[in-house]
Amino acid sequence: MEQNSIFTIRNREDFLAHALRIFSFQYHNNVIYRSFCNHLGVDTGTVTKLEQIPFLPIEFFNSKKVVSSTGHEEIIFTSSGTTGSQTSKHFVTDLQVYEHSYLRAFTHFYGAIEDYCVLALLPSYLERTGSSLIYMVEDLITKSQHSKSGFFLNEYDRLHQLILELQRTNTKLLIIGVSFALLEFTEKYQLSLQNTIIMETGGMKGRRKELVRQELHHLLKGGFGVSEIHSEYGMTELLSQAYSKGEGIFHCPPWMQVLIRDTEDPLSYQKIGKNGGINIIDLANINSCSFIATQDLGKVNNDGSFEVIGRFDNSDIRGCNLMVL
């Protein structure tokens with residue numbers, strides 16, 4: 001299949017056509033996904049709508065090699081495993097697809113990366129290997145071509161001095177960080193930033209007590225002196241990201257879409273505005289699986305944006321007998 005064609009999607013009809021072609025391709029080329037579809041008794045010849053496509057539970061990435069390509073993996077992205085569950089593995093056979101996806105998505109929402117100085121505060125990710133987020137941010141730092149762009153482990157003092165220096169020159173800043181590190185920084189320094197995007201990637205990673213989004217963003221807005229906190233929604237098992245420019249309302253790039261499944265019946269779907277499990281279609285996942293049922297809870301709004309309201313706990317997950325495949 002022509003992988004780069006997914007980045008030309010412009011409307012719902014085009015998305016559906018690409019999704020159906022990729023579903024057929026993955027059914028025929030992904031052993032794990034085909035077994036899952038067969039277990040559900042899905043007749044692939046009758047699938048004409050997104051809601052008829054089976055969504056593979058994300059837990060399969062913990063124990064199975066989920067691939068739709070015969071190519072050798074160029075990299076294996078792994079999850080942190082901080083929740084005590086098994087580490088998830090994403091075997092990526094074509095890194096160029098991932099690079100196209102995150103760069104085009106960032107440009108779609110924020111413009112050219114060359115316009116920014118990128119400062120990354122991602123200690124929990126830097127301290128391990130296999131992070132897809134680190135791979136993305138490292139490439140964005142390089143592509144920004146700004147001499148001051150870079151990673152900061154626990155160097156809060158140096159980061160603070162650099163931010164003040166860049167503010168004096170009115171440099172456009174993207175400060176991207178994991179939640180606990182951004183909070184720790186604001187507990188040491190109070191700023192009033194201009195021309196700056198603060199983007200949290202979520203998670204306390206076991207370092208601090210988890211906070212609801214409203215409380216987290218309230219503290220970060222006060223600490224950095226900005227009107228909104230942006231967010232990035234991505235995961236090891238995906239090759240695309242959704243972005244929020246405030247209030248926890250996420251928008252997908254044109255090749256990504258969210259559906260909300262019923263928590264009691266994972267093969268049924270909720271109406272607009274009703275809470276349920278988040279199913280993600282990521283067409284950039286052409287060489288693994290593009291149709292994933294996540295462990296996140298959320299809702300979709302009328303304009304196609306979505307919100308994340310929490311996660312399933314183990315007692316909430318339905319249909320786990322399907323994991324015996």
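Tutor: The questions below treat a pocket, a helix and several individual residues.

Student: On what basis are the values computed?

Tutor: This is a predicted model, in which local features need pLDDT of at least 70 and side-chain atom pairs count only at pLDDT 80 or more, while totals for chains, interfaces and linings use all residues. Residues are numbered from 1 along each chain as its sequence is written, and side-chain values use heavy atoms, with hydrogens and water left out.

Student: What volume has the second largest pocket?

Tutor: On a 1 Å grid over the protein atoms alone, a pocket is an open set of points where a 1.4 Å probe fits, with protein on both sides within 12 Å along at least five of seven lines. Grid points are joined across faces, edges and corners, and the volume is the space filled by probe spheres set on the points. For the second largest pocket, this volume is about 770 Å³.

Student: Which residues that line the second largest pocket are the closest to its centre?

Tutor: Lining residues have an atom within 4 Å of a point, and the second largest pocket has 31 of them. The closest to its centre are Arg12, Met256, Gln257, Val258 and Gly304.

Student: Which element gives the most to the lining of the second largest pocket?

Tutor: Helices (H or I, at least four residues) and strands (E, at least two) are DSSP runs, numbered from the N terminus. Helix 1 (12-29), helix 4 (95-110) and strand 11 (256-261) each supply at least two residues of this lining. The element that gives the most, with 5 residues, is strand 11.

Student: Which side chains make polar contacts with the side chain of serine 240?

Tutor: Serine 240 is in the loop between strand 8 (230-233) and strand 9. Its contacts (heavy atoms within 4.5 Å), leaving aside neighbours within four places in sequence, include Tyr233, Trp255 and Met256. A polar contact is a pair of N or O atoms within 3.5 Å, where within protein one must be able to donate a hydrogen and the other to accept it, and residues adjacent in sequence count only if both atoms are side-chain atoms. The partners are serine 101, at 2.8 Å, and aspartate 282, at 2.6 Å.

Student: Is serine 240 buried or exposed?

Tutor: Buried means under 20% relative accessible area, exposed over 50%, and partly exposed in between (1.4 Å probe, protein chains only). Because its relative accessibility is 1%, serine 240 counts as buried.

Student: What distance does helix 6 reach from its first C-alpha to its last?

Tutor: Helix 6 (residues 132-144) has 13 residues. The expected span is 1.5 Å times one less than the number of residues, and for helix 6 this gives 18 Å. The distance reached is close to that expectation, at 18 Å.

Student: Which residue just after helix 6 takes a positive phi?

Tutor: Most residues other than glycine have a negative phi. Just after helix 6, a positive phi of about 60° is taken by glutamine 145.

Student: What is the relative accessible area of glutamate 247?

Tutor: Glutamate 247 is found in the loop between strand 9 (242-244) and strand 10 (249-251). Its phi is near 65°, a positive value in a residue other than glycine. Glutamate 247 is partly exposed, with a relative accessible area of 43%.

Student: With which residues is histidine 217 in contact, leaving aside its neighbours within four places in sequence?

Tutor: Histidine 217 is in helix 9 (residues 213-224) and is buried, with a relative accessible area of 5%. The residues in contact with histidine 217 are Glu200, Ile229 and Ser231.
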